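Reader: I'm new to this structure and would like a close look at just one part of it. Could you pick a helix and walk me through which way its residues face and what lies around them?

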Amino acid sequence: GSVAVIVPAAGSGRRFGSETNKLFAKIDGVALWVMSVRRLRDQPCVGRIVLPIADADRDYFLVQHAELAESLGVEFVAGGDQRSDSVRQGLKRIEGDESVRWIAVHDAARPLVSPEDLQTLFSVVISSKAAILAAPLSGTIRRDLGSHTQTVNREDLYEALTPQVFDAGLLRHAYSHHNGRPATDDAELVERTGHAISIVRGSADNLKITYPEDLLVAEAILARQQA
Ligand code: C5P
């Protein structure tokens, strides 16, 4: 239980275009956020799981799904405007807990992360202090140089995924130095403090549900994972 996981779930999901939080959508009868949390809960090294949630969703989580959340061992905190604000709220909740040696951050919107990828990631962070799942790019990338455009060699390019796991002190330090300049993930904040980030090659199946059609893809991936 030495890894605490912050699972940001406080997004507005504007691109998903539903009335309610996209994380309440179900694949194979299970809400996305539940699937994400279950996969983390199944890892023996995971202890506390903190979910930053939006005020608008408090009733759903704290009243309608209180029992489920309790059985999953989830602690709720109020999220913030930006994803990093939500993570910061999660960090506050586990402040001072000396049993927490590593802190992982995992998008609630990535329900398909595999147990194998989680195990590899958690084993790597012990030696590197900062490790993230990342998938090799599959598309062809072109850079716009103004006067002309150019193909980018994709061999050394990766898409950053989550979870991203850090030595607890290192992540806390990064957030205490975060001056509000936007960052698209936690690894970028840690990197700004001068610490190297290790990449663990993960499966691209670990997609982030953003658009409604992503649910169809997720269902197909889930069926394959369960086969
Ligand atoms: O919007 P997007 O899906 O890219 O956000 C990634 C994750 O961060 C989602 O699980 C979302 O709920 C969460 N988030 C958050 N607080 C925000 C914005 C996003 O917890 N202010």
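This is a predicted model: local features need pLDDT of at least 70, side-chain atom pairs count only at pLDDT 80 or more; totals for chains, interfaces and linings use all residues.

Author: Let's start on the outside: the face of α5 turned away from its buried side carries the exposed residues P115, E116, S123 and S127. Residues are numbered from 1 along each chain as its sequence is written.

The buried residues of α5 are D117, L118, L121, F122 and V125. They sit on the same side of α5, because they cover an arc of only 130° around the axis, the arc being that of the directions from the helix axis to the C-beta atoms. There's a simple rule behind this sort of pattern: an α-helix has 3.6 residues a turn, so residues three or four places apart point the same way.

What lies over that buried side? The cover includes the strands β1 (3-6), β6 (102-105), β7 (130-136), β10 (158-167) and β11 (198-201), along with helix α1 (32-41). Helices (H or I, at least four residues) and strands (E, at least two) are DSSP runs, numbered from the N terminus.

As for its length, α5 takes in residues 115-128, 14 residues in total, and reaches 20 Å from its first C-alpha to its last. That is close to the 20 Å expected at 1.5 Å a residue, where the expected span is 1.5 Å times one less than the number of residues.

Then look just past the end of α5, at K129, which takes a positive phi of about 70°. K129 is found in the loop between α5 and β7, and counts as partly exposed because it has 19 C-beta neighbours inside 10 Å. Why point out that phi? Most residues other than glycine have a negative phi, and most peptide bonds are trans.

You can find another such case at D28, a residue other than glycine with a positive phi near 55°. D28 is found in the loop between β2 (26-27) and β3 (30-31), and counts as exposed because it has 10 C-beta neighbours inside 10 Å.

One last stop takes us back to the cover of α5, which includes β10. P163 has its place in strand β10, and a cis peptide bond with omega of about 5° joins T162 and P163.

How values were computed. A residue is buried if 20 or more other C-beta atoms lie within 10 Å of its own, exposed if 12 or fewer, and partly exposed in between; C-beta atoms are placed from the backbone. Two residues are in contact if their C-beta atoms, placed from the backbone, lie within 7 Å.
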